[in-house]
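Work through the exercises below with the model open beside you. Try each task before reading its solution.

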Amino acid sequence: MTTANTTRFNAEALSWDTNPSVQLATALAHKAYLARLPPPPTLSTYNVLDLGCGTGLLSLALAPSVRSVTAVDAAEGMIAALESKLSSSSPDNNTAGTVKNVRAVHALLTDPSDPCLATDPVTGHPQQGRRFDLVVSHLVLHHIPSLLPLFQTIHGCLAPGGRVMVTDFEDFGPDARKFHPEGKMDGVERHGVERGAMRALLEGAGFVDVKVETAFEMAKQVETEPGSGVVGPVVVFPFLICEGRRV
Ligand SMILES: C[S@@+](CC[C@H](N)C(=O)[O-])C[C@H]1O[C@@H](n2cnc3c(N)ncnc32)[C@H](O)[C@@H]1O
């Protein structure tokens with residue numbers, strides 16, 4: 001994670017939820033996660049970490065299905081947007097301050113033992129060495145300069161038997177670059193993730209039962225010409241879901 005990233009995401013936080021592609025990608029990722037997770041009552045016991053939660057779109061979607069969500073983001077603006085949703089009583093806000101099992105945390109997470117993860121969102125009490133049943137992360141990997149340390153951190157955050165499920169668009173060739181307009185390349189470290197590389201990274205970080213597959217495809221309007229700033233043609237972007245289990 002670089003300063004360029006944090007600056008960019010702070011700037012984008014207020015308008016993040018107004019981007020239809022962001023909303024659609026989250027809805028599709030949520031569906032992909034639920035299809036692969038156990039049904040209740042098992043799922044209802046899960047303590048989840050959403051790494052790079054942004055404004056909490058995925059955290060809030062998962063919240064009714066699980067025991068708790070710890071929603072972590074390095075960009076203060078993103079966390080402020082999530083906190084405002086959690087505390088808002090506006091009828092326009094469908095969370096309306098009623099979600100009691102999500103905790104927003106402003107942190108650049110690099111250490112599984114970071115005390116910022118200790119507080120249980122449900123009880124509000126700190127728990128030394130708190131670990132998670134599931135770590136999710138959506139649309140984050142393409143912003144991370146070095147992925148192995150990230151997966152090592154995720155591995156360390158999981159309880160034995162815990163699972164990781166991360167989603168991001170696939171590097172399917174030169175057209176993958178079109179996912180971002182040329183004016184929004186700041187902080188983009190790669191144009192999607194590669195299947196083989198993801199498998200190797202998860203295994204390298206110590207995960208077992210590693211699976212990398214297409215989760216969904218999403219049509220998105222892209223720039224007519226690189227840098228034109230005008231959107232027109234539609235490209236279908238495949239998204240990968242990368243899963244693993246901590247022994
Ligand atoms: C493209 S945004 C995606 C936000 C959200 N997951 C969504 O799909 O709406 C990526 C987010 O990851 C955050 N991020 C990246 N690395 C992080 C880390 N190590 N710890 C916490 N947040 C991180 C950034 O601050 C940014 O808000």
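The exercises that follow use a predicted model.

**Exercise 1. Nonpolar cores**

Task: Which residues of the largest nonpolar core touch the most other members?

Solution: 
- Step 1. The largest core holds 36 residues.
- Step 2. Pick out the residues. Tyr33, Val102, Val136 and Phe239 touch the most other members.
- Step 3. Follow Val102. Beyond four places in sequence, Val102 contacts Ser59, Leu60, Ala63, Val69, Ala71, Leu86 and Pro121.
- Step 4. Look for another core. There is a second, separate one of 31 residues, including Leu51, Leu141, Phe151 and Cys242.

**Exercise 2. The ligand site**

Solution: 
- Step 1. List the nearest residues. There are 20 residues around the ligand, and Trp16, Gly52, Asp73, Ala74 and His138 come nearest.
- Step 2. Start with the side chain. An N or O atom in the side chain of Trp16 lies 2.8 Å from a ligand oxygen atom.
- Step 3. Turn to the backbone. A polar backbone atom of Gly52 is 2.7 Å from a nitrogen atom of the ligand. For Ala74, a backbone N or O atom is 3.0 Å from a ligand nitrogen atom.

**Exercise 3. Helix H5 and His155**

Task: Why is helix H5 described as largely enclosed? Then place His155 in this setting.

Solution: 
- Step 1. Count. In H5 (residues 147-157), 8 of the 11 residues are buried, so the helix is largely enclosed by the rest of the structure.
- Step 2. Name the buried residues. They are Leu147, Leu150, Phe151, Thr153, Ile154, His155, Gly156 and Cys157.
- Step 3. Find the cover. It includes S1, S4, S5 and H6.
- Step 4. Apply the cut-off to His155. Its relative accessible area is 16%. Buried means under 20%, so His155 qualifies.
- Step 5. List its contacts. Leaving out residues up to four places away in sequence, His155 touches Ala205, Gly206, Phe207 and Arg246. A polar atom of the His155 side chain lies 3.4 Å from the backbone oxygen of Gly206.
- Step 6. Pro145 is 10 residues from His155 along the chain, and their C-alpha atoms are separated by 18 Å.

**Exercise 4. Backbone geometry**

Task: Leu139 and Asp209 each have a positive phi. Where does each lie, and is each buried or exposed?

Solution: 
- Step 1. Leu139 has a phi of about 60 degrees although it is not a glycine. Leu139 sits in the loop between S4 and H5. Its relative accessibility is 15%, and it counts as buried.
- Step 2. Asp209, also not a glycine, has a phi of about 50 degrees. Asp209 belongs to strand S6. With a relative accessible area of 54%, Asp209 is exposed.
- Step 3. Inspect one peptide bond as well. The bond from Pro40 to Pro41 is cis, with omega near 5 degrees. Pro41 is in the loop between H2 and S1.

**Exercise 5. A loop residue**

Task: Is Thr119 buried or exposed, and what does it contact?

Solution: 
- Step 1. Locate Thr119. It is in the loop between S3 (102-106) and S4 (132-138).
- Step 2. Read its accessibility. At a relative accessible area of 17%, Thr119 is buried.
- Step 3. List the contacts. Leaving aside neighbours within four places in sequence, Thr119 is in contact with Arg103, Gly124, His125, Pro126 and Arg130.

Definitions and conventions
Residues numbered from 1 in each chain as written. Predicted model: local features only at pLDDT ≥ 70, side-chain atom pairs only at ≥ 80, totals over all residues. Heavy atoms only, no water. Helix = DSSP H or I, 4+ residues; strand = E, 2+ residues; numbered from the N terminus. Buried < 20%, exposed > 50% of the residue type's maximum accessible area, 1.4 Å probe, protein only. Contact = heavy atoms within 4.5 Å. Core = buried A, V, L, I, M, F, W, Y, C linked by side-chain atoms within 4.5 Å. Near = heavy atom within 4 Å. Polar contact = N/O pair within 3.5 Å; in protein donor to acceptor, adjacent residues only side chain to side chain.
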